[in-house]
Amino acid sequence: MAEPFFHRNSFFLIIIVAVLVSSFVLLYFKINRESSDSVSSNDEVVKILFILEEEGIPISTNMIAFYSKTKRAIMFDIPNNTGMILDELGRTDGISSLYKEKGVEVFKSKIERLTGIKIPFYIVCSIKDFSYSTDMLGGISLFIPTPVDVMKDEKRILLPSGSVLLDGEKAKDYLLYTSENDNEGDATSRKQKAIIAFFRRLNDEVAYIFDSKHFSSISSSFKSNMESRELKLMFQSLSSLDLERLSPQRVTGSIRLVDGKELLFPFRDGLQLKEIIRQTLSTLASEDGVTLERVYALEILNGTEIKNLAKTTAEIYSSFGYDVVQIGNAESSDVKNTLLIDRIGNPAIAKIVSQVIQCSNIQTAEITRNEEYYGTETGVDFTLIIGSDFNGYFVTSNDKK
């Protein structure tokens, strides 16, 4: 009788293992699918860390965020000598030390803390591979204001002035050279311009570079936490951005000497940087390029019977850098038209806020409590009341019959 009992147990064990394996496989594909969807999403801001490194040390680290609907993007350089208390290393040091000693994932997590935003993706490229990829694209076009004639590591670097097409080797020289005539931020600006020129060139060569054969060759130059399909989608998105309106920025602060190293400590312990990034993110949905004066506080109320709709909408607005201070339910669960209430009397800013979900129904005056729908007015700049015309991403129409 023992043998059948053994076989029954073995049979059930096999079923359990099969179920677990199936669950893990389904979970894996679900995560990959959601990750791919977030890369190509038109409804949220996509954020990525783009790192150029040399000999295992980052020489340029940029947080890039973009919104596919408006093709607008922001770009923030994180200097290698950004000073922080690095708990992972047990000391205060430049953030690049974390990259060298702990790797890109820990490095990315620290930058998320520094900027105050989640950055799901990263792309890493060595200077050598960047040079190779530049040659594959036929060079990158840049404007160099004055001729360059400097010595670096016993090598003379010569670059002409004006609009020039740089091959891979010249692009490498452009990225790495420094000059005694450089003003603060010039070297950082050059690296950012080279990266933007690379994205622009991708767009120029889109038919050539994004076919399976050639993209496979160029993608081998990049290390990323994205699969091949995701990486292709990311580069396609980056190349299609409105790069002419992209104004690169950089972390600023005060220089202090720590253990013989000059470290840059962001102003106000990094709070100013977080505020600037959140404000800049908020402008990505603006089609007219209006700059916001500060971070605006939102209240989001669900006027439908769809559960958690206010919460998911809050996540969309948070991804743009808005401060969602309150979510809840509206007085009615039968609101037809989504409504944005402007409580500060600023139509220009209200338009930017509404563009995130393509809402055209805006009331500039405050709503009083004797009216049908209202929100909590204290400490709130705008109240968004979600109606049945909102599909979870944007308002489909304010003219439903």
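**Entry 1**

I started at Asp93, which counts as buried at 4% relative accessibility. Here buried means under 20% relative accessible area, exposed means over 50%, and partly exposed lies in between (1.4 Å probe, protein chains only). I noted that this is a predicted model, where local features need pLDDT of at least 70, side-chain atom pairs count only at pLDDT 80 or more, and totals for chains, interfaces and linings use all residues. Residues are numbered from 1 along each chain as its sequence is written, and side-chain values use heavy atoms, with hydrogens and water left out.

Which residue does the side chain of Asp93 meet in a salt bridge? I found Lys261, at 3.0 Å, N to O. The pair links distant parts of the chain: Asp93 sits in strand S5 and Lys261 in strand S14 (residues 261–266), 168 residues apart. I took a salt bridge to be a side-chain nitrogen of Lys or Arg within 4 Å of a carboxyl oxygen of Asp or Glu. Helices (H or I, at least four residues) and strands (E, at least two) are DSSP runs, numbered from the N terminus.

Lys261 is partly exposed, with a relative accessible area of 39%. Arg91, Asp93, Glu101 and Lys261 are joined in a network of salt bridges.

**Entry 1: other salt bridges**

I looked up the total next. The count comes to 16 salt bridges.

One of them joins the side chains of Lys110 and Glu88, at 3.5 Å, N to O. This pair also links distant parts of the chain, 22 residues apart: Lys110 is in helix H3 (residues 104–115), and Glu88 is in the loop between strand S4 (83–86) and strand S5 (91–94). Lys110 is buried, with a relative accessible area of 1%. Glu88 is partly exposed at 33%.

I stayed on helix H3 for another pair. Lys108 forms a salt bridge with Glu112, and their closest N and O atoms are 3.4 Å apart. Lys108 and Glu112 are four residues apart in H3, so about one helical turn separates them. Lys108 counts as buried at 5% relative accessibility. Glu112 is buried too, at 12%.

**Entry 2: cysteines**

How many disulfides does a search of the whole structure find? I got zero. The test was a pair of cysteine sulfur atoms within 2.5 Å. Cys125 is buried, with a relative accessible area of 0%. Cys359 counts as buried at 5%.

I went through helix H8 (residues 212–219). His214, Phe215, Ile218 and Ser219 are buried there. They cover an arc of only 130° around the axis, which puts them on the same side of H8. The arc is that of the directions from the helix axis to the C-beta atoms. Ser212 and Lys213 are exposed on the other side.

What do the buried residues of H8 pack against? I listed helix H4 (127–136), helix H6 (186–204), helix H7 (206–209), strand S11 (222–224) and helix H9 (228–239). Contact here means heavy atoms within 4.5 Å.

**Entry 3: positive phi**

Most residues other than glycine have a negative phi. I noted two with a positive value.

Glu154 has a phi of about 65° although it is not a glycine. Glu154 lies in the loop between strand S8 (148–152) and strand S9 (155–159). Glu154 is exposed, with a relative accessible area of 80%.

Asn308 has a positive phi near 65°. Asn308 lies in the loop between strand S15 (297–302) and helix H11 (309–319). At 54% relative accessibility, Asn308 counts as exposed.
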